[in-house]
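User: Hi, I'm new to this one and would like a quick tour. Can you put it up on the screen?
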Amino acid sequence: MSDIRNTWANRVSDRGMLYLFLLPTFGFLLFLVIFPLIWSLYLSFCEYSANAARPPVFIGIANYSSLFREKEVWDRFVTTGKFVFLAVAIEFFLGFGIAMLLNREFYGKGLLTTLFILPMMFSPAVIGKFFRFMMDTNWGILNYILGRLFGMPKIAWTTSYEYALYSLVIADVWIWTPFIVLLSLAGLSSVPKYLYEAADVDRASGWFKFRYITLPYVAPILILAVLFRTMDAFRFFDVVYVLTEGGPGYATQIVPFYIYKLAFSFWRTGRSCALAYVLLIIIIALSNIYITYLNRLRRA
Amino acid sequence: MAEVVLRDVEKRFGKIQALRGMTLEVRDGEFLVLLGPTGAGKTTTLRIVSGLEEPDRGDVFIDGVRMNGVAPRDRNCAFVFQNYILYPHLTVYDNLAFPLRSKLWRTEEGEIRKRIEHVARVLKIEHLLQRKPDKLSGGEQQRVALGRAMVRNPRIFLMDEPLSNLDAKLREEMRVELKSLQKNLGATFFFVTHDHVEAMTLGDRVAVLNQGVLQQVGTPEEVYEYPANVFVARFVGNPEMNFLEGFPEGGKLYLGDLALALDLEKVWKGREVLPSRVLVGIRPENILLGQGGTVGEVYLVEDLGADKIVRLRVGETLLRVRVPKEAEFSVGEKVPYLLVHEKLLFFDPITEKRLG
């Protein structure tokens, strides 16, 4: 009996066991998320270069104030804003439209839905490569098709100032429209069918039904979808890295990519940390606008 | 304001045959009650009239115009659904205004307000107008659903058990209200219920359905006094009609269960010759206690308030007998009983149709 009582397992209480299980996760979280977060916040107030042998020197808000003075940084934000707005807006309308089309019973619906979701399953780097090939000016399939079908001249998709940002938008739309489709479908299928029947008897027009039945049901989930997409679009990096590398010139250097450049090409670690925090604050602010609106909808 | 004709309508949902060869004519301005148990096809009938379902076969006519393929919104029917179906994101007021604001039937807002206020007063939901449906009780939701049908001036009211969730008092008031609505608007009513009391009190005529087949159409009195078959006889009336086996032979009707022989000419007025075996039905109020020569034993007394139901045991049979509430019977008491001869109904035991 005494040897049972003295085993190691018996000396650990239930609560102790709980903490033991949590410990590894907590460790990972601490070292991979929380510590870098705090450390980078500290670095954003320092003059520091990760590849130099000097320790970080505290310089207050100098990184931040210099960021705001530079036109180059503002330009990056304008580019980013353009990209986020275009990509999210197109994804939203395209995605919701496709969902409306898919939201009915027809033969092969399951297969078609699966096909639509496929883009989300690829690695972004692979997608970047795809698009690089497809959008190649001379032998890319996109120019070939456009030329054949519409007789359009060849477009330098990824390498011209005019089109490079649009090629990023197209790639992002291709990857993430399915996400909006999925969420919209979930929202649409949550609308009870009998409401449409009641509206039919009540002589409602198609628009009336959409406005007063469909939209109130799907609006919250649509806002969530746009929120997720906006947050994510602000962090768009991998496809840029593969497809345009921020070029030509600075045409596609959106903020996340610029941060990467600052950090790992110019080794201005402190400054890149500061910019990353500025981006974070912008995303949080935007999210709050959405969430406020969402809550207002929920209350109504 | 509308006459509705269903001709040989069939409807099937997968393996379930919801309606079989349904032929029914509803007169202009008539209050027709569809009565039947669950799965009888009552709701399906309403949905076919409204256009929410298309019949697999057969035709629907409203005012002589064939309606097959005509969209619900072009039929000008108001539908009160069994589960109310209010628009959850709109206030009660906007719910009521919904059918009037439709682009196809645009009504002026001032007129809408007037009509809603009137209907709200009738339905006693004035204090609820600014609430959302999820803040209402079941009965309140049901009244709003009724109101949404009443604010319009539809040709036809289709009502699927619209009073089922109201308390008894309100239900009675609503019955009166519905009848006066019928009188004032002159609209045609289709009213679904499984409650025969509701059917009797509301209907100009009652259509009894079972398993997708129309059993009988007639005034409440016809359906009650002269049920077309055993099903109607059993379904209409509470407590149920008593059924006994009868053997007509040599001028006598032998009721085997009661060990009783009645003079056939007193109970059977029909011309045709009865088969050698019949089902004899008699309503509980048509058995009189305290009279007659044969005796039964009181098995159970149920007090219904207004009257009492006595279960009388005769041999192996339990008869239901309705007696006035003043009557006093104790269990085990031996009581003479009498079947009112003229009230006996005869049914064919095989086809279950009423004879005569």
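User: Okay, and α1(B) itself, how many of its residues are buried?
Analyst: 9 of its 9 residues, 42-50, are buried. Among them are K42(B), L46(B) and S50(B). Buried means that 20 or more other C-beta atoms lie within 10 Å of the residue's own; exposed means 12 or fewer, partly exposed is in between, and C-beta atoms are placed from the backbone. Helices here are DSSP runs of H or I with at least four residues, strands are E runs of at least two, and both are numbered from the N terminus.

User: Which residue other than glycine has a positive phi near 50° and counts as buried?
Analyst: I85(B) has a phi near 50°. I85(B) counts as buried, with 24 C-beta neighbours inside 10 Å. You'll find I85(B) in the loop between β6 (77-80) and α2 (92-101) of chain B. Most residues other than glycine have a negative phi, and most peptide bonds are trans.

User: What about D63(B), where is that?
Analyst: D63(B) is in the loop between β4 (57-62) and β5 (65-66) of chain B. Its phi is also positive, about 50°, although D63(B) is not a glycine. D63(B) is partly exposed, with 14 other C-beta atoms within 10 Å.

User: And which peptide bond is cis?
Analyst: The one from N238(B) to P239(B), with omega near 0°. P239(B) is in the loop between α8 (230-235) and β11 (242-249) of chain B.

User: Switching to sheets: what is the strand order in the open sheet of 4 strands in chain B?
Analyst: β17-β16-β15-β18, with antiparallel pairing. Two strands pair if DSSP finds at least two bridges between them. At the edges are β17 (317-324) and β18 (334-339) of chain B, each pairing on one side only.

User: How many bridges join β15 and β18(B)?
Analyst: There are 7, in the antiparallel sense, and β15 covers residues 287-303 of chain B. For example, I287(B) has L339(B) in β18(B) as its bridge partner.

User: How is chain B split into domains?
Analyst: Domain 1 is 4-235 and domain 2 is 242-355; such bounds come from an automatic or database domain assignment. Their C-alpha centres lie 38 Å apart. The contact takes 7 residues from domain 1 of chain B and 7 residues from domain 2 of chain B, where contact means that C-beta atoms, placed from the backbone, lie within 7 Å.

User: And how many residues of chain A are in contact with chain B?
Analyst: 14 residues of chain A are in contact with 18 residues of chain B. On the chain A side, α10(A) gives the most, with 6 residues. α10 (193-201) and α11 (206-233) of chain A are the elements that give two or more residues there.

User: What is the mean pLDDT of chain A?
Analyst: It's 87, and 97% of its residues reach 70 or more; pLDDT is the predictor's confidence in each residue, from 0 to 100. Where pLDDT is low, the predicted coordinates should not be read in detail.

Key. Residues numbered from 1 in each chain as written. Chains lettered and ligands numbered in written order. Predicted model: local features only at pLDDT ≥ 70, side-chain atom pairs only at ≥ 80, totals over all residues. Contact = placed C-beta atoms within 7 Å.
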